[in-house]
Amino acid sequence: MPSSENWTPAGPDLKTVLAAYKHPLLALSEARIPAILLRRVYPPTHCAGLIRRFIHRGFMHDPADTTSENTRTRIDIGTSLGNRGSDKEAFLKHAGHTHALFRHLFDGFDNPVDTIYEALSELAVGKTVKVAREPDGRLYGPAIFRIHYTSHTYRPHIDHVTLREKRFNYAVSRFEHQFAGVLCFQNASHRGKSTQAILHRCLWTQDVQPHIDGDTFHDYAAEHSIARCRVDLQPGDLYFFNTRCIHEVPPLQGPDPRIVLAVFIGYSADDGEIFVWS
């Protein structure tokens, strides 16, 4: 297995990525690269301005407000298929509300959802990128803000509509591969740590699942010399990765929440469309 030093993200901008890879998303699907990492694609000042808007509108609680009784460690602004997909009608209705909210939520700022879609369209090379939809035209959520407080963490896992969630009744189940796109809005402040994720060069199989279930994946990775990549981001940075690669998110440190705008992406090498959802 190659060393971690040889398994590094493609980047730091679209021009460099496209010069190195004729089909960057194909390389991502095959885990030849851990991620596509694009620096400063969105203005950090707009990140800060939108966070102030979220607090002012009550979408998230202010970490500086020590009198707040809100104890949630995760807040979503948007529609999550993972959380709401068990009721398809309710999910699609909620997604409609998200589209209505996002029409004006970013007024006065660059639209960060457009930033993600435009970058993905450049990387798609000949494919059409669109919001995921059912055959009757009803749209999924276009993206979702995830706000994490305190010690929130994600243990090693995968994200996949069919392999993990078994949602075969959704149109996005047609895609072989699933990616994620993550635009960093704010990091935890503690000691300057900015790691957003740890990606392992290990595509999920049934043989790996017992190690995920038993919380022994780190032992398995060490035993098999599995390479890994730490993704460190600053506000305005965007990265894409293959969600079938085992990945984890370190515990949040410090009082400030970690805030990202995230999407999932359906991709098949022989499909002319790419679907995006949250």
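A salt bridge is a side-chain nitrogen of Lys or Arg within 4 Å of a carboxyl oxygen of Asp or Glu. I start from that rule and note that the model I am reading is predicted.

**Entry 1: salt bridges**

I looked up Asp271 and Arg174. Their side chains meet in a salt bridge, with 2.9 Å from N to O. I placed both residues in loops: Asp271 is in the one between β11 (258–267) and β12, and Arg174 is in the one between β5 (154–157) and β6 (177–186). The two residues are 97 residues apart, and the pair links distant parts of the chain.

I then asked how exposed each partner is. Asp271 has a relative accessible area of 16%, so I write it down as buried, because the cut-off for buried is under 20%. Arg174 is at 40% and counts as partly exposed. Arg174 and Asp271 also belong to one network with Lys130 and Glu273, joined by salt bridges that share partners.

Next I looked up Lys130 and Glu273. They form a salt bridge, and their closest N and O atoms are 2.7 Å apart. Lys130 lies in strand β3 (residues 128–131) and Glu273 in strand β12 (residues 273–277), so this pair ties together parts that are 143 residues apart in sequence. Lys130, at 22% relative accessibility, is partly exposed. Glu273, at 24%, is partly exposed as well.

Asp76 sits in strand β2 (residues 74–78) and Arg146 in strand β4 (residues 144–148), 70 residues apart. Asp76 is partly exposed, at 26% relative accessible area. Arg146, by contrast, is buried at 13% relative accessibility.

I also noted the total: a search of the whole structure finds 13 salt bridges.

**Entry 2: cysteines**

How many disulfides are there? I count zero disulfides. I checked Cys184, which is in no disulfide: the nearest cysteine sulfur, that of Cys47, is 7.0 Å away. Cys184 is buried, with a relative accessible area of 0%.

Cys202 is in no disulfide, and the nearest cysteine sulfur, that of Cys245, is 7.9 Å away. Cys202 counts as buried, at 6% relative accessibility.

**Entry 3: the largest pocket**

I looked up the largest pocket and found a volume of about 630 Å³. I wrote down 30 lining residues, of which Arg146, Tyr154, His157, Asp159 and Phe264 lie nearest the centre of the pocket.

Which elements give two or more residues to the lining? I listed α4 (81–84), β4, β5, β6, β7 (195–203), β9 (238–242), β10 (245–249) and β11. The largest share of the lining, five residues, comes from β11.

Last, I sorted the lining by residue type. I got 15 nonpolar, nine polar and six charged residues.

How values were computed: Residues are numbered from 1 along each chain as its sequence is written. This is a predicted model: local features need pLDDT of at least 70, side-chain atom pairs count only at pLDDT 80 or more; totals for chains, interfaces and linings use all residues. Side-chain values use heavy atoms; hydrogens and water are left out. Helices (H or I, at least four residues) and strands (E, at least two) are DSSP runs, numbered from the N terminus. Buried means under 20% relative accessible area, exposed over 50%, partly exposed in between (1.4 Å probe, protein chains only). A disulfide is a pair of cysteine sulfur atoms within 2.5 Å. On a 1 Å grid over the protein atoms alone, a cavity is a set of points where a 1.4 Å probe fits but cannot get out, and a pocket is an open set with protein on both sides within 12 Å along at least five of seven lines; lining residues have an atom within 4 Å of a point. Grid points are joined across faces, edges and corners, and a volume is the space filled by probe spheres set on the points. Ala, Val, Leu, Ile, Met, Phe, Trp, Tyr, Cys and Pro count as nonpolar, Asp, Glu, Lys and Arg as charged, and the others, Gly among them, as polar.
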